[in-house]
Amino acid sequence: MYNIDTMSKGTFNGGVFLSERKEYTVDKKTKAIPAPREIILPLSQHIGSPNEPLVKPGDNVKLGQRIGESKSPVSAPVHSPVSGRVKSIQDFSNPIYRKTPAVVIENDGNDESVELVKRENPEELSKQELIRIIRDAGVVGLGGATFPTHIKLNVPGKIDTLIINGAECEPYLTCDHRLMIEKTNEILNGIYLLARILEVSNIFLAIEDNKLSAIFAMEKAIRERIKKFSRSKGHMPVQIVVLKAKYPQGGENQLIKAILKKEVLPGKFPTDMGIVVQNVGTCFAIYQAAYEGKPLIERCVTFTGGCLKEPGNFIVRFGTLLKDAIEFCGGFRERPAKIIIGGPMMGIAQYSLDIPTVKGVTGVIFLSKRELKFFEESTCIRCARCVDVCPVNLVPTEIMRMVKYSRWHYLDKLHPGDCIECGACAYACASKVPLVQYIKLAKLKEAKKK
Amino acid sequence: MKEENLYISPGPHIFSKESTPGLMKDVIIALVPAIFASIYFFKVKAFILLLVSIVSCVVFEAAIQFLMKRKIAISDCSAIVTGILFAMVMPPSLPIWVCILGCFVAIGLAKQLFGGLGFNIFNPALLARAFLAAAFPTFMTRWNHPLSLDAVTGATPLGLVKFSHNLDINYRDLFIGNVSGSLGETSALALVIGGLYLLIKKAIDWRIPLGYIGTVFIISFLTNLISPDIYAGGLFHILAGGLLIGAIFMATDPVTSPVTKTGRWVFGIGCGAVTMVIRLWSGLPEGVMYAILLMNALMPLLNRMTRPRRYGT
Ligand code: SF4
Ligand code: SF4
């Protein structure tokens, strides 16, 4: 067993310690929110080429039926999360990518499903077959990045290390934590499938030290698995790595730094170094796709914040509007002043409750006015807080000054392109300078130059 | 729900509690022991100087910001810090009008002319002191004996060592502050307490005081080893003069010191080296002020030359 207090924990340079605020929901068992009468399903819910609709208004659709797809490889199809009739296809707000075309489906409430191909031993399938299953199920990175998973699994170079991301470093969010407790074996099966596809021998499962129950659950399941199968069936041992709870530990590069002590070269990707990082939620989705034949039509979302009567972790079908989901979790105790999709550090503030949930939604935070703090920006006093916390060695204050005073030619040497937009600098800034916006501007300027 | 009631802003949506006024208030709190020590040793003279200096700095700050149509930002407390620090580096017998003039130089020239808080290159209190030292050398070298205020002596401990080679040092008096000098230069104990507070609150970076004091110690220790009749030892150079107040409160001023970690090391060590060169081999007994101002001038260059290694390279 671990002695969490005394063991040495991996970490990265810089970063900030945040108050967790996970206590609202960390003990709440996931519950499924029933599908509302009407589903508004954005056609594209991934990063990459947009999908084309495969249905037209008036069509009847079944649960799990593919209704949007793109011919281009960097894409992931979307499937209907309910059975019913397509009412229309129209542009609709999307919490992450602004307005995108969406399919409006009238839910007939029968959940009549397409035939799902259950598989007993998917690990016996070929590598390419498994990748096809993952692609067809529309699996994307569920940590929030929504990058199509099959692309990451089909890289030309040799992959030798698989890192499973269970860090969940953003405050408030607990969906991954709950999944690790409730779907421990399913996640493990997903991990083994990934290992099978990538043919890797080093598998790390990274969890922050504030998620003890998840660490214990995963640890126990892994030990039982080893006892049962030994290594003969290709069951490589999964090594749990306990990491210091520090933001942004869940970033791919920060995980790699903390676990392998390696830094991803500028402009390169982890896959260039033989490393693939996948989120635990994605592993669960892979399990569902391969074992149950179930496409990605729903996910675990943390609904939290001081405004909710009953904050919790919910299985939400994609296309469920926030206002419908809220009704199910008891409605508001207090009127929200800010609604954030994602975590409070990198999440996106929303204009309204008429927003559908999509694959990239890890959580929705409803903050009351009391929970919001308003700061006025003052001039930078060069206190260097931002320099100390930046996980990728930037000097945010200098980038900000160069942008503010339009000294664009100085930007080259400041490498704003390396910024992962984690927001740690803006969080720590004594003068509350919106550093991330300045750096984004610098990035735009750099991109234009090229 | 009505949509105009929702706040929209880009992330992050949460912020640390730290703020500029908060940092300034920490510095003020850290200066409290030194303020008490100066009032204890120099009585009402110290009190009046401090009061005049703080009030003039705040008034000049507000007035200049008003005249230059800037936002009046005296609530950031930075003028109060400048006021206290300025008084701390003045001799107790300084005439009031010279003090007010010095505050004008600190706030008007050293700070607001450069663009206000965050844009100045030189530490305002030190630049003002340098100005007074050049313009009114007599006022600036009239030292009082502590406790018995009337006696005006010509020499601080540094002066005695340097010009009369009087190496008969009472370390206890030096540490407690029972020696002649500027208001805040005297009590090492009070300054160290304040410094520890700032370090615990993480209001200053430890690299600068450590680099500064460490360098001074090493140089003075070595020179003392070579010719003990001429040069005082390491401890003396740390306790005497403006070194502690300079290393703890002046060189650590965030605005005028580098932002990179390497830059801060170089900055601290540079301050120490220049201070010792002046103290040992120039015509002046004390070099803290010029050392910090010189390193202030190098700050933009240090920032540029000590950028952190690019991630992944
Ligand atoms: S500069 Fe970018 S990477 Fe560095 S702390 Fe700020 S947002 Fe994060
Ligand atoms: S944290 Fe803010 S005030 Fe401090 S140096 Fe960075 S930008 Fe300036």
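How many nonpolar, polar and charged residues make up the shell around ligand 2? I put this to the model, which is a predicted one.

**Entry 1: ligand 2**

I sorted the shell around ligand 2 by class and found eight nonpolar, two polar and two charged residues. I then listed the surrounding residues by name. Cysteines among them are A:C380, A:C383, A:C386 and A:C429. The list also includes A:I381, A:R382, A:A384 and A:R385. A:T397, A:A430, A:S431 and A:L435 surround ligand 2 as well.

**Entry 2: extent of the interface**

I turned next to chain B and chain A. The two chains bury about 4700 Å² between them, and 56% of that area lies on carbon and sulfur atoms. I recorded 62 residues from chain A and 40 residues from chain B in the contact.

**Entry 3: polar and charged pairs**

I looked up the salt bridges between chain B and chain A, and the count is six. One of them joins B:K71 to A:E376, with the closest N and O atoms 3.5 Å apart.

**Entry 4: the chain B side**

Which elements give two or more residues to the side of chain B that touches chain A? I found α1 (20–67), α12 (261–281) and α13 (288–305) of chain B. By class, I recorded 18 nonpolar, 13 polar and nine charged residues on that side.

How values were computed:
Residues are numbered from 1 along each chain as its sequence is written. Chains are lettered from A and ligands numbered from 1 in the order in which they are written. This is a predicted model: local features need pLDDT of at least 70, side-chain atom pairs count only at pLDDT 80 or more; totals for chains, interfaces and linings use all residues. Side-chain values use heavy atoms; hydrogens and water are left out. A residue is near a molecule or strand if one of its heavy atoms lies within 4 Å of it. Ala, Val, Leu, Ile, Met, Phe, Trp, Tyr, Cys and Pro count as nonpolar, Asp, Glu, Lys and Arg as charged, and the others, Gly among them, as polar. Contact means heavy atoms within 4.5 Å. Buried area is the accessible area (1.4 Å probe) that two parts lose on being put together, summed over both. A salt bridge is a side-chain nitrogen of Lys or Arg within 4 Å of a carboxyl oxygen of Asp or Glu. Helices (H or I, at least four residues) and strands (E, at least two) are DSSP runs, numbered from the N terminus.
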